[in-house]
Amino acid sequence: MTSYVDTLQAALAGEHAAVWAFPVIAAEVESLRTEALASRALHRLDRERLVAQVVSAGATPVGSEASYTLPFPVTDTASAQKLAALIENRLAGLYADVVRQAPEPASRTTAARSAATAATRAAQWSGTTSAWPGA
Amino acid sequence: MHTRRSVLGLGSLAALGLLSGCTRNEASPSPSQSESPTAIPSPGESGDPDLAARRTLAGAEVALIAMYDAVIAKHPELASSLRAWRDHHQSHAAAILPTSTPSTGAAPIVPGSSAAAVKALRAMESELGDSHQKACATVRSADFARVLALCGASESAHAELLGRGRS
């Protein structure tokens, strides 16, 4: 059965991927460079928060991969925005999974805030949203 | 360049479900799938400790739907962007309280200008998002807490988009 720590580690792995992917967007699409690098900075902070949570839950934080596979080529503004929104949307789902496994109210609230932040960022990138972020 | 990375990077963005784009769907089912009938007792049954919260929050969803309907009726030029978000709330209400939701009383008052109407919707979205986050911390069912977190996340996104005047 999935534990709280498992969901934190899954979210952390997602943040590692986000920290890797936003510089790729910045490098490929000049017009989005500033926004993409700002996103990387935000996700570094999110990642540090999760590392601390994993440690305080008594586990060893998962590390990042050396490289990742993009789900589709990032070649222009549209594909870059699509990837950014996809990343944020997936993170919203991962944080919602943390909510489900959270052991007490405070950690539920923290994860729910992160899910809302991710869904908001996804909307900023894509200009749209769905009934169920993360699905 | 990224084709090469794709070959090398078998570590992949699988952490985000990005490889297939839909692998998360199995691990992260939509609320209608994750909330089995046993997870949500119907309102007629006793024993659901979250029933009062479900009723209150479903009522708030219905009130927001009514506001969307009223805004769309008064400002039809907004319908194309607002209708989808209105429907999101129907989906939320159905997940929160699967049986029929209570109807609200008086019709909501809609501001005369479309900008003010959008602003009013945005305020309601933010408020409902806050309610969902607060309730998320206190409900008994973990699955319900997850549903509320996702509803709150959706409302944050709606508020963001309403603030930007985009659809």
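This report walks through helix packing, an aromatic pair and a few individual residues in a predicted model.

## Chain B at a glance

Let's start with the overall makeup of chain B. There are seven helices and zero strands in chain B, and reading along the sequence gives the pattern α-α-α-α-α-α-α. Chain B has 167 residues, and 47% of them count as buried.

How about the contacts in chain B? Taking those with a separation of 6 or more, 76% come from residues 24 or more positions apart.

## Helices α5 and α7 of chain B

One helix pair to look at in chain B is α5 (residues 79–96) with α7 (residues 142–164). Their axes lie 11 Å apart, and the packing angle is about 165°. An angle over 145 degrees counts as roughly antiparallel, so that is the label for α5(B) and α7(B). The crossing of these two helices is left-handed.

Which residues do the touching? On the α5(B) side they are L82(B), W85(B), H88(B), H89(B), H92(B), A95(B) and I96(B). Facing them from α7(B) are F144(B), V147(B), L148(B), C151(B), S154(B), E155(B), H158(B), L161(B) and L162(B). Sorted by class, this contact has ten nonpolar residues, five polar ones and one charged.

## H88(B), a residue from that contact

H88(B) sits in helix α5 of chain B and is one of the α5(B) residues that meet α7(B). Is H88(B) buried or exposed? Its relative accessible area is 10%, so H88(B) is buried.

Leaving aside residues up to four places away in sequence, H88(B) touches S154(B) and H158(B) in its own chain, plus T129(A), S130(A) and A131(A) from chain A. There's also a C-alpha distance to note: H88(B) and I65(B) are 23 residues apart along the chain, and their C-alpha atoms are separated by 9.2 Å.

## P76(B), out in a loop

Now for a loop residue. P76(B) is in the loop between α4 (51–74) and α5 of chain B. With a relative accessibility of 52%, P76(B) counts as exposed, whereas H88(B) is buried.

## Helices α1 and α2 of chain A

Over in chain A, helix α1 (residues 4–28) and helix α2 (residues 33–56) have axes that come within 8 Å of each other and cross at roughly 160°. That angle is why α1(A) and α2(A) count as roughly antiparallel. Their crossing is left-handed.

## Aromatic pairs

How many aromatic pairs does the structure hold over all chains? There are two. One of them joins W20(A) and Y68(A): the ring centres are 5.4 Å apart and the planes sit at 50°, so the pair is tilted. Planes over 60 degrees apart would count as edge-to-face, and under 30 as stacked.

This pair links distant parts of the chain, with 48 residues separating the partners. W20(A) belongs to helix α1 of chain A, while Y68(A) is in the loop between α2 and α3 (77–101) of chain A. Both partners are buried: W20(A) has a relative accessibility of 15%, and Y68(A) has a relative accessible area of 3%.

Methods. Residues are numbered from 1 along each chain as its sequence is written. Chains are lettered from A and ligands numbered from 1 in the order in which they are written. This is a predicted model: local features need pLDDT of at least 70, side-chain atom pairs count only at pLDDT 80 or more; totals for chains, interfaces and linings use all residues. Side-chain values use heavy atoms; hydrogens and water are left out. Axes are lines fitted to C-alpha atoms, for helices over the stretch in contact, and angles run from 0 to 180 degrees between N-to-C directions. Helices (H or I, at least four residues) and strands (E, at least two) are DSSP runs, numbered from the N terminus. Angles under 35 degrees count as roughly parallel, over 145 as roughly antiparallel, 65 to 115 as roughly perpendicular and the rest as oblique. A crossing is left-handed if the near helix is turned anticlockwise from the far one by less than a right angle, and right-handed if clockwise. Contact means heavy atoms within 4.5 Å. Ala, Val, Leu, Ile, Met, Phe, Trp, Tyr, Cys and Pro count as nonpolar, Asp, Glu, Lys and Arg as charged, and the others, Gly among them, as polar. Rings of Phe, Tyr and Trp (its six-membered ring) pair if their centres lie within 6.5 Å; planes under 30 degrees apart count as stacked, over 60 as edge-to-face and the rest as tilted. Buried means under 20% relative accessible area, exposed over 50%, partly exposed in between (1.4 Å probe, protein chains only).
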